[in-house]
Amino acid sequence: MRLEGLFNLLAEVPDYRQVRDKLATSSPVQLSVLDEAKSLALGTLQNDLGVPILVICPRNDDAMRLHKRLLMYCGENAPIYHFPENGLLPYERLVNNQMATWLRLNALGALMKTHPSQAPM
């Protein structure tokens with residue numbers, strides 16, 4: 001189930017249009033968005049601007065939650081990638097999690113495929 005029909009509702013909000021227009025001209029924008037609305041705002045921005053968006057979250061749990069919500073809005077086949085933390089300290093000599101490694105390589109590969117004119121925002 002996709003909720004991208006809500007993108008049109010947000011696109012009609014004047015404050016959103018102002019942010020979108022600033023980002024379209026590569027102007028820096030600083031804003032605060034409620035956690036519950038971040039996935040809708042990011043999905044709508046990506047839909048409107050058509051460029052990759054890189055989101056950095058403070059904790060892995062936050063990143064996983066945002067990733068799941070973005071997939072809910074944009075659909076399972078949308079180009080949304082999760083770059084998980086590896087969970088190891090730099091000096092630990094443990095075997096790395098293969099799934100985390102695969103997800104990280106998948107995300108990096110997707111960024112490498114973008115055209116230079118579509119540098120991540």
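1. Starting with the surface: Leu54, Ile56, Phe83, Leu105, Leu108 and Leu111 make up a nonpolar patch with about 610 Å² of accessible area together. Patch members have over 30% relative accessible area and no salt bridge, with nonpolar side chains joined within 5 Å; a salt bridge is a side-chain nitrogen of Lys or Arg within 4 Å of a carboxyl oxygen of Asp or Glu. Areas are Shrake-Rupley with a 1.4 Å probe. Leu54 sits in the loop between α3 and α4.

2. Bear in mind that this is a predicted model, where local features need pLDDT of at least 70, side-chain atom pairs count only at pLDDT 80 or more, and totals for chains, interfaces and linings use all residues. Numbering runs from 1 along each chain as its sequence is written, and side-chain values use heavy atoms, without hydrogens or water.

3. α3 has 15 residues and spans 21 Å between its first and last C-alpha, close to the 21 Å expected at 1.5 Å a residue (1.5 Å times one less than the number of residues). Its buried residues (under 20% relative accessible area) include Leu40, Leu42 and Leu45, and the buried set packs against α1, α2 and α4 (contact: heavy atoms within 4.5 Å). Just after α3, Gly50 has a positive phi of about 70°.

4. One backbone spot to look at: Ser26 is not a glycine, yet has a positive phi of about 65°. Ser26 lies in the loop between α2 (14-24) and α3 (35-49) and is exposed at 68% relative accessible area (the cut-off is over 50%).

Notes: Helix = DSSP H or I, 4+ residues; strand = E, 2+ residues; numbered from the N terminus. Buried < 20%, exposed > 50% of the residue type's maximum accessible area, 1.4 Å probe, protein only. Patch = residues over 30% accessible without salt bridge, like charges linked within 9 Å, V, L, I, M, F, W, Y side chains within 5 Å.
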